[in-house]
Amino acid sequence: MMLILHQDEKQPREGNTLQKQGDGMGKKTDEIVTLSQHLKRSGVDPDLRRLITSFAFVALDAQHQFPKYLRGTMGEPNKYGEAVARLDEWVNGYLCDRLIKTGLVRKIYSEELKEPLLGHGGAPFVVAMDPLDGSSNIVSNNAFGTIVGIYREDLPQKGRKLVAAFYKLYGPVNTFVYTAGSGTHEFVKHYDGLGNAQFLLLGENIRIPEPGEVFGLGGDPMDWSQAFLRFAKDLFKKERMKARYSGTFAADFSQVLHRGGIFAYPSTKKSPRGKLRLFYEAQPMAFIMEQAGGASWSGSGSLLDAVDKDVDARVPLYLGSKALVKKVKKALE
Ligand code: AFP
């Protein structure tokens, strides 16, 4: 097996006015640690451990099939009225099927399911997921991901009730970032000499860098509020930060987590609730971000305190380095 390589510590850009801390990489180690070893030594309970590792490997197996489903859309739009790529549909079906087979899941809520899927009555977990985040990037072969939140209680629930959350990023390398409530940790897919895949620890206890270096802002700028527009201009002018926006939340989030900064899909005039979904995208990523020392905001408080009776609800979303989330709050409140 190969040793894990770590990037040298990053230097924050000059000219940024915010306070400096965190390198976005996590603790360096030459030790080879697999995902299941890490979950065990972190004291994660056996059922949850099994569910997280099964999910990681199911997503990995699914990826081998991606080339078959790269083109085309389904006839029917999803519950949000959006076109469903063939890959969206296939990944959703594949993940649901494999998850139910673990026997650990009571119910699955998914961005691509019209109704939640019932699993095993007495099973311990309820799952909420965006099976394929960033479908518009399928045709152009840019990164896309899978975002998952795991609860013990049924939805709707506050994100504070999450027992674990993770995202998988299908990029130039495949990474898996999780939290089970004690820090945010990153793994990367490797093959051993026999061709067996493993997720190996890349960074433990990732701390989001302050000050931030990059930002990604979604929605139509012509539809942003004046206050948000001013905030966005400040990121260029005062904070001297770089714009990074790919159209895949998981990929843009990953940039912000590793390099510091802010991601927002704000409330706009036409869409006061923004675009991203509270349970499938916002809560899991807010949990990961806050566990990495960052902050989140829904327009009224932490995204982990936002709740809605509608499990398909959207929510305005702002998350990233603490100082920048504070700044956006100040700008919009
Ligand atoms: P899907 O999960 O339906 O692929 O949507 C992607 C997404 O929710 C999120 O990943 C992006 O940040 C956002 O939409 C991009 O939206 P715009 O196309 O409006 O920029």
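**Exercise 1. In this predicted model, find which residue of β7 stands opposite Y178, and describe how the strands around that position are joined.**

*Solution.* 
- Start at Y178: across from this residue, in β7, stands H185.
- Next, look at the strands themselves. β6 covers residues 174–179 and β7 covers residues 184–191; they run antiparallel, joined by five bridges.
- Now follow the chain from β6 into β7. The two form a hairpin with four residues between them, and G181 in the turn has a positive phi of about 100°.

**Exercise 2. Move on to β8: which residues are the partners of K189 and V188, and how many residues of β8 are buried?**

*Solution.* 
- Strand β8 spans residues 197–203 and is antiparallel to β7, with six bridges joining the two.
- Take K189 on its own: its bridge partner in β8 is F199.
- Then take V188, which has L200 opposite in β8.
- Between β7 and β8 the hairpin leaves five residues, and G195 adopts a positive phi near 85° there.
- Finally, count burial, where a residue needs 20 or more other C-beta atoms within 10 Å of its own. Five of the seven residues of β8 are buried, so this strand is largely enclosed by the rest of the structure.

**Exercise 3. Work out the strand order of the five-stranded open sheet, and say which strands form its edges.**

*Solution.* 
- Reading across the open sheet gives β10-β9-β11-β13-β12, and the pairing is mixed.
- The edges are β10 (242–243) and β12 (295–297), since each pairs on one side only.
- At the β10 end, β9 (residues 214–217) pairs with β10 in the parallel sense over two bridges. Here F215 has A243 as its bridge partner in β10.

Terms used. Residues numbered from 1 in each chain as written. Predicted model: local features only at pLDDT ≥ 70, side-chain atom pairs only at ≥ 80, totals over all residues. Pairing = 2+ DSSP bridges. Buried ≥ 20, exposed ≤ 12 C-beta atoms within 10 Å, placed from the backbone.
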